[in-house]
Amino acid sequence: MIARELAGWALGLRDVPEDVAAAATRHLLDGFGTALGALRTGAAGPAIEVARGLGGPPEAAVLGTGDLLSAPAAALANGTLVHALDFDDTHAGGLVHATAVVLPAAFAVGQQTGASGREVLTAAVAGYETACRVAAAAPHGFHARGLHATMVAGVFSSALIAARLLGLDAGRAVNALGIAGSQAGGLLAFLGTGASTKQLHPGFASQSGIVAARLAAAGATGPETVFDGPHGVFDALSAHEADPASIVAGLGERWETTRIGIKPYAACQLSHATIGAVLDAMARERFGPGDVASVHARVHPDSAPVVCDVSRDLTRPASPYAAKFSLPWTVAALIADGGLALETFEPESIARPEVARLAARVRWDVAGGPGVVAADAPGHVTITLTGGREVTGSVPRSEGGGDFPLSRASLLAKFTGNAGVPAADAEEFARAVEALGEQPDAAAVMRAAARLAQLTQQENG
């Protein structure tokens, strides 16, 4: 059974290759940055308030609050913080936001158990591999069913992280996976309504996975056929045929942790190739929104239903989240502002009529070769100027992916911008995260994050 093989590997993982560990710490650093950005902008307030109300024994910290809550409650708040701005990382094969479920579970249970940095880092790698592999076993299958792959796959990731850090044996870890499967879900209904449920999904997943592991530790059982049996997660939740065996294929040899992309832009990752193509066109010739007669983009067939969904108003998005999931609006804002920042998607910004008018002139057709996943697809645009002249732009793939990673300088600049702190403080924290594997106490990183969060709040009033 796949669950048994996956659990056995995750519990037995000891020697993480250096490049895999380095990739994991890069993603954890990026996750702390997006969480600090959400804290700075107040984007996850309801989740923090509810987590505080849940309370529990003082096991784990909620970033930026000074509160010590139960590990499941802290994971709910921290998972929501990491994902609240939708600026966190994405694994192309599964279209899953891996760090948003890995970081909260690893540090919450790591604090609860007094784990070392090496133990938390190794558990995080097991979690990264699980989230990415489960989602990629049914590429876009969960999304096509109307479900958020991050929450579907994330409960399994968090369950194995917790099982490992809690010291569960293989049998109980398999039960934890089976129990987690009954908590997999996450509706995409937020896309057209402006609801904040997507922000909550990683928090739900992290919390549910920890609870699943605790239930297994207490003697509850779950189906070991959760991946490969009838009525399992793929039968029930994927609209496409899945390949469950791929979850365990090449474990310890092929590392999906190194293939996760870090977002350079605060918009849906499925728009990033088009964003890169527009930037390429803008580098070739100077033009502004008043110079543009039309924009025509080539969009991958798996991207179009998400970022070009014509059942929604793509030119006047209902919320900042809806704007991030509108390719026409994102392209129009990029041309109007000359770039994209967190502020681009603030409520005042998305109400601009001039951007809406330009967004109405953005067109697309669906194009994509077989075997190329959407997040790895090339981007191409043709921009027709008012005089009739055309400017083209193209990129082979979106920036930030495993084959086109952000430089450390770019990653640190993103972190600094999100956190809103001086570069020297960001650099000091980055070094602490990069040395996670050498930390005798993983909670030291959370304490450093708390100091940075306090600075964030001081710097931003």
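Contact means that heavy atoms lie within 4.5 Å of one another. The legends below describe close-up views of a predicted model.

Figure 1. Helix H9 itself covers residues 170-181, and its 12 residues should span 16 Å at 1.5 Å a residue. The C-alpha atoms at its ends are 17 Å apart, which agrees with that expectation. Because nine of the 12 residues are buried, H9 is largely enclosed by the rest of the structure. The buried residues include Ala-173, Val-174, Asn-175, Leu-177 and Ile-179.

**Figure 2. The start of helix H9.** Here a side-chain oxygen of Asp-169 comes to within 3.3 Å of a backbone nitrogen, that of Gly-171.

**Figure 3. Ala-61 in strand E1.** Strand E1 consists of residues 60-61, and Ala-61 belongs to this strand. Buried means under 20% relative accessible area; Ala-61 has a relative accessibility of 17%, and therefore counts as buried. With neighbours within four places in sequence left aside, Ala-61 is in contact with Asp-67, Leu-68, Ala-74, Asn-78, Gln-111 and Met-446. Met-446 is 385 residues away from Ala-61 in sequence, yet the C-alpha atoms of these two residues are 7.4 Å apart in space.

**Figure 4. Asn-78 in helix H4.** Asn-78 is a residue of helix H4, which runs over residues 71-83. With a relative accessible area of 6%, Asn-78 is buried. A polar atom of the Asn-78 side chain lies 3.0 Å from the backbone nitrogen of Leu-63. When residues up to four places away in sequence are not counted, Asn-78 touches Ala-61, Val-62, Leu-63, Pro-104 and Met-446.

**Figure 5. Phe-32 in the largest nonpolar core.** The largest nonpolar core contains 165 residues, of which Phe-32, Phe-227 and Phe-429 touch the most other members. Helix H8 gives the most to this core, with 12 residues. Apart from its neighbours within four places in sequence, Phe-32 is in contact with Leu-103, Phe-107, Phe-415, Phe-429, Val-433, Val-445, Met-446 and Ala-449.

Terms used: Residues are numbered from 1 along each chain as its sequence is written. This is a predicted model: local features need pLDDT of at least 70, side-chain atom pairs count only at pLDDT 80 or more; totals for chains, interfaces and linings use all residues. Side-chain values use heavy atoms; hydrogens and water are left out. Helices (H or I, at least four residues) and strands (E, at least two) are DSSP runs, numbered from the N terminus. The expected span of a helix is 1.5 Å times one less than its number of residues. Buried means under 20% relative accessible area, exposed over 50%, partly exposed in between (1.4 Å probe, protein chains only). A polar contact is a pair of N or O atoms within 3.5 Å; within protein, one must be able to donate a hydrogen and the other to accept it, and residues adjacent in sequence count only if both atoms are side-chain atoms. A nonpolar core is a set of buried Ala, Val, Leu, Ile, Met, Phe, Trp, Tyr and Cys residues joined through side-chain atoms within 4.5 Å.
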